[in-house]
Amino acid sequence: MSLTPRDLGLDRPISRRDLFDGIALASLGSALGPVPAARAASTPFAVRGDTAEALSVPHALRDGRFWEHAGAPEPTGERYDLVVVGGGRAGVSAANGWLLRHPSARVLVLDNHDELGDPRPPVRAAGPDAVMCDAESFGADTLVTTASPGWIGRLPIAEAARRDLLRLHDEPPDWFPGLSAEAKQERLAELTYSRFLREVCGAHPDVERFCRTMPSRDWAYDARAFGAIDAWGTGYPGFAGLGLDRDKPSRYNSPTVRRDWHGAAPAAAPALDGRALLRLSSPVVSVRDGVSAATVGYFDGDRVGTVEAGAVILACWSAVVPYLVPELPEERRRALRQVVRVPALHATVRLRDPGAWRRLGVERVRWTGAYWCATEFAPPDSVRLVATPCRSELGPDAGSAAGRRELIRTPYDVLERTIRDQLARLLGPVGFDPAGDILEITVNRRGHAYPPEHCRPWHAYHPDGPFPADAARGPFGRIAIGGSDSVPAARADAAVLAAHRAVAELAR
Ligand SMILES: Cc1cc2nc3c(=O)[nH]c(=O)nc-3n(C[C@H](O)[C@H](O)[C@H](O)COP(=O)(O)OP(=O)(O)OC[C@H]3O[C@@H](n4cnc5c(N)ncnc54)[C@H](O)[C@@H]3O)c2cc1C
């Protein structure tokens with residue numbers, strides 16, 4: 001039976017926060033503290049109403065709306081040895097690396113977020129211990145605990161699909177008999193995991209339907225985009241009969257799979273050196289190299305202020321760089337625009353009483369087709385949800401661009417309704433009331449969440465290059481590009497690598 005908006009509690013006065021790339025858009029409910037609504041109203045380019053897109057400086061720059069309304073830049077009179085654009089891992093590493101070389105340098109870090117260090121669910125958490133075979137995929141909801149023996153027999157899928165899945169788990173054959181290990185890996189590198197299941201294994205369509213969201217939580221796209229070679233590397237079902245050496249990755253595996261092969265855990269995010277000055281809510285809108293210094297302009301909510309810099313490291317998303325530095329040669333601008341980050345949506349729901357989740361008896365639930373693909377208990381009293389707007393059937397690049405548009409346009413109400421609906425479906429049977437048991441919902445729409453990962457079958461240049469980032473990076477006068485997008489890898493360690501390279505480039 002479907003629940004009405006009232007049953008779900010959509011009319012309840014709770015704390016609601018809608019963040020867009022880390023910036024609070026508006027206070028939608030009663031109880032939460034200060035939000036930049038006044039600033040938003042005075043923002044000169046908020047011409048399309050209070051939508052996320054209208055309030056985003058990078059989007060206004062991209063669409064050519066920004067300078068129409070921004071007014072003339074005003075020098076603040078400040079001068080720094082280094083200005084870093086972007087206060088993520090790469091920006092912090094660049095500032096720290098610079099101060100290590102030049103201990104008395106004046107360093108300014110500018111970031112467009114309201115705050116740094118927002119909570120991020122770890123990419124490599126333990127796998128789910130239950131799967132919700134949901135109504136979207138299978139017509140009705142069935143929660144199946146995968147930690148207990150015989151779970152495949154309890155899946156609400158066709159009998160033939162159960163047999164196929166059992167075989168893929170327990171005794172898959174050698175799908176490519178007679179081929180060398182290298183040739184087998186090449187074959188896998190040509191396929192997505194979905195195609196592998198359908199075309200190589202000939203599995204019943206319910207098998208692909210059941211497996212589709214296996215990579216979604218960690219990669220922000222599903223098995224229609226996730227490569228079979230990385231599925232093999234991650235230990236997904238279906239590959240054991242190939243007899244491939246599991247001691248080392250394939251050269252075709254994407255950088256993160258290769259990095260994680262021996263269980264390497266990413267280092268904790270570095271803290272910004274106390275000598276550096278951090279300015280938040282300060283999106284940079286222009287970077288120009290000049291005769292004696294570079295000039296960096298940023299929007300402070302009312303006007304564009306400019307500071308002078310002996311050096312500039314752009315540790316922001318690559319795709320915004322062409323708009324900040326229009327003097328860059330066209331070839332580099334094109335290469336920078338090609339670097340497409342993957343969008344992701346994270347929500348945190350604080351519960352009145354976490355007892356319902358505890359009664360469920362599982363920690364992490366994967367959903368097979370519903371809007372939110374992962375729901376996880378976050379002690380002491382919250383549930384974390386992940387959704388992946390990427391249109392996986394188009395691949396990671398085109399799918400991310402299409403998904404980002406969708407992510408920005410989706411009204412907050414729709415997100416809240418889907419959250420309440422899925423929590424009711426999951427926890428309702430163990431005594432949860434979606435109307436009364438939710439205290440607070442925070443949604444973070446990350447249009448640029450994961451740096452692009454070079455992966456097969458989508459990027460023929462991987463692993464031998466040249467990579468789009470090769471053409472994009474390199475110093476440009478006093479300006480260097482140092483975000484993780486500029487490295488042919490993704491994830492946190494790439495950010496540190498990119499930052500250190502940029503510091504070294506400018507120190508030459
Ligand atoms: C939810 C989530 C979980 C993750 N978990 C892991 C993990 O467990 N392990 C792992 O290895 N990696 C993980 N990653 C990936 C890792 O966080 C990133 O690869 C890495 O932090 C990227 O660092 P960065 O500094 O290059 O980019 P970012 O962290 O994106 O920083 C770029 C900064 O630039 C700012 N910016 C953009 N444009 C402008 C502008 N015009 N002016 C001023 N500032 C601007 C942005 O607001 C942002 O703060 C995760 C990523 C996400 C989103």
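A220 sits in the loop between α12 (216-219) and α13 (228-234), and its phi is near 65 degrees, a positive value in a residue other than glycine. Keep in mind that this is a predicted model.

- For background, most residues other than glycine have a negative phi, and most peptide bonds are trans.
- A220 is buried, with a relative accessible area of 1%.
- S281 also has a positive phi, near 50 degrees, and you'll find S281 in the loop between β7 (277-279) and β8 (284-289).
- At 18% relative accessible area, S281 counts as buried because the cut-off is under 20%.
- R456 and P457 are joined by a cis peptide bond with omega near 10 degrees, and P457 lies in the loop between β15 and α20 (468-472).
- The H462 to P463 peptide bond is cis too, with omega about 10 degrees; P463 is in the loop between β15 and α20.

**Ligand shell**
- There are 32 residues around the ligand, and A90, D111, N112, R341 and S484 come nearest.
- The shell splits into 18 nonpolar, seven polar and seven charged residues.
- α6 (89-101), β15 (438-450) and α21 (492-507) each supply at least two shell residues, with β15 giving the largest share, three.
- Domain 1 (5-60 + 342-450) and domain 2 (72-120 + 272-339 + 466-507) both contribute to the shell, so the ligand lies between them.

**Polar contacts and burial**
- An N or O atom in the H113 side chain is 2.8 Å from a ligand oxygen.
- Taken alone, the ligand exposes 1,000 Å², and the protein buries 96% of that.

Methods:
Residues are numbered from 1 along each chain as its sequence is written. This is a predicted model: local features need pLDDT of at least 70, side-chain atom pairs count only at pLDDT 80 or more; totals for chains, interfaces and linings use all residues. Side-chain values use heavy atoms; hydrogens and water are left out. A residue is near a molecule or strand if one of its heavy atoms lies within 4 Å of it. A polar contact is a pair of N or O atoms within 3.5 Å; within protein, one must be able to donate a hydrogen and the other to accept it, and residues adjacent in sequence count only if both atoms are side-chain atoms. Accessible areas come from the Shrake-Rupley method with a 1.4 Å probe; for residues, only the protein chains shown count as cover. Helices (H or I, at least four residues) and strands (E, at least two) are DSSP runs, numbered from the N terminus. Ala, Val, Leu, Ile, Met, Phe, Trp, Tyr, Cys and Pro count as nonpolar, Asp, Glu, Lys and Arg as charged, and the others, Gly among them, as polar. Domain bounds come from an automatic or database domain assignment. Buried means under 20% relative accessible area, exposed over 50%, partly exposed in between (1.4 Å probe, protein chains only).
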